[in-house]
Amino acid sequence: MTLVAEDISCRRDGRLVLDDISFSLPDGTMTALLGPNGAGKTTLLRVILGLEKADGRILLNGADLSTLTRREVARRIAYVPQTNTVAFAYTVADMVAMGRLSHARFGLITPADDKDAVTGALARLNISHLADRAYTQLSGGEQQAVLIARALAQGGRTLLLDEPASALDFGQQKRLWAQLRDLAEQGYTILCTTHDPLRAREIFDVALLMRQGRLVDCGAVGSVLTDEGIDTLYASAHVP
Ligand SMILES: Nc1ncnc2c1ncn2[C@@H]1O[C@H](COP(=O)(O)OP(=O)(O)OP(=O)(O)O)[C@@H](O)[C@H]1O
């Protein structure tokens with residue numbers, strides 16, 4: 001689905017952390033969101049999800065997300081957070097099944113299609129063997145793979161991922177990028193933060209570069225993530 005941001009500005013504690021951001025991401029593209037620590041990447045993802053108040057509009061296939069219910073947004077957009085702390089030792093299968101909550105009827109998430117979605121998502125991430133393990137007892141990388149499986153089970157065709165590869169081993173990273181590419185080829189829209197511009201240049205189609213709350217560049221990775229572009233992005237990030 002085409003994801004459009006129009007004039008997004010957001011304040012936190014009175015400080016402007018997103019400053020008039022606009023972009024358009026067509027179906028079937030993998031977009032990397034890059035910038036130094038504190039640039040506003042996570043905030044931007046949270047604004048798209050409706051978790052942070054902001055000025056401006058987010059449109060998905062022309063529909064203004066502010067006019068949709070939380071449940072309607074969750075059926076369209078899945079989010080993979082950097083980490084997810086859970087207080088209870090849910091099994092991995094239960095965690096992934098939570099991705100189906102927006103499809104639940106009468107609060108139940110047991111119909112066959114939901115089970116298929118969970119089984120399929122576990123298989124896609126190569127973690128079917130973890131299905132009955134307690135989520136709280138997994139390694140950081142295994143937990144991250146579960147969060148990605150949960151997003152896939154959710155069924156939305158727009159995926160927002162916050163540094164999904166940061167705790168994954170090399171094999172899991174390769175599977176993740178291949179999986180995301182496969183989804184993009186099926187028309188999914190993928191927006192993913194990363195701190196690795198060199199990998200991003202190989203893997204993604206488009207890059208959005210943010211610094212100090214502003215979108216400083218946007219375009220095909222080959223033209224935006226040049227050596228010079230990367231140096232400029234990460235130079236003098238700190239504002240005294
Ligand atoms: N809960 C909060 N309350 C107030 N300000 C916040 C809050 N969370 C983040 N900020 C500020 O908003 C700005 C953007 O933070 P954000 O987490 O979006 O950056 P980021 O680009 O995702 O950083 P990182 O790469 O370190 O994850 C930062 O200046 C940060 O200090």
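Start with a definition: a nonpolar core is a set of buried Ala, Val, Leu, Ile, Met, Phe, Trp, Tyr and Cys residues joined through C-beta atoms within 7 Å. Buried means that 20 or more other C-beta atoms lie within 10 Å of a residue's own, with C-beta atoms placed from the backbone.

This is a predicted model, so local features need pLDDT of at least 70 and side-chain atom pairs pLDDT 80 or more, while totals for chains, interfaces and linings use all residues. Numbering starts from 1 along each chain as its sequence is written.

The largest nonpolar core has 71 residues, and those touching the most other members are Val-96, Ala-121, Val-146, Ile-148, Ala-149 and Ala-207. Helix H5, residues 140-154, gives the most to this core, with eight residues. Helices are DSSP runs of H or I, at least four residues, and strands are runs of E, at least two, numbered from the N terminus.

Now the sheet. Four strands form an open sheet in the order S2-S1-S4-S5, with antiparallel pairing; two strands pair if DSSP finds at least two bridges between them. The edge strands, each pairing on one side only, are S2 (15-25) and S5 (63-64). S5 pairs with S4 (residues 55-60) over two bridges, and Leu-60 has Ala-63 of S5 as its bridge partner.

Last, the ligand. Which helix gives the most to the shell around the ligand? Helix H1, residues 41-48, with three residues. The residues around the ligand include Arg-12, Asp-13, Lys-41 and Thr-42, where near means a C-beta atom, placed from the backbone, within 6 Å.

Terms used
A residue is buried if 20 or more other C-beta atoms lie within 10 Å of its own, exposed if 12 or fewer, and partly exposed in between; C-beta atoms are placed from the backbone.
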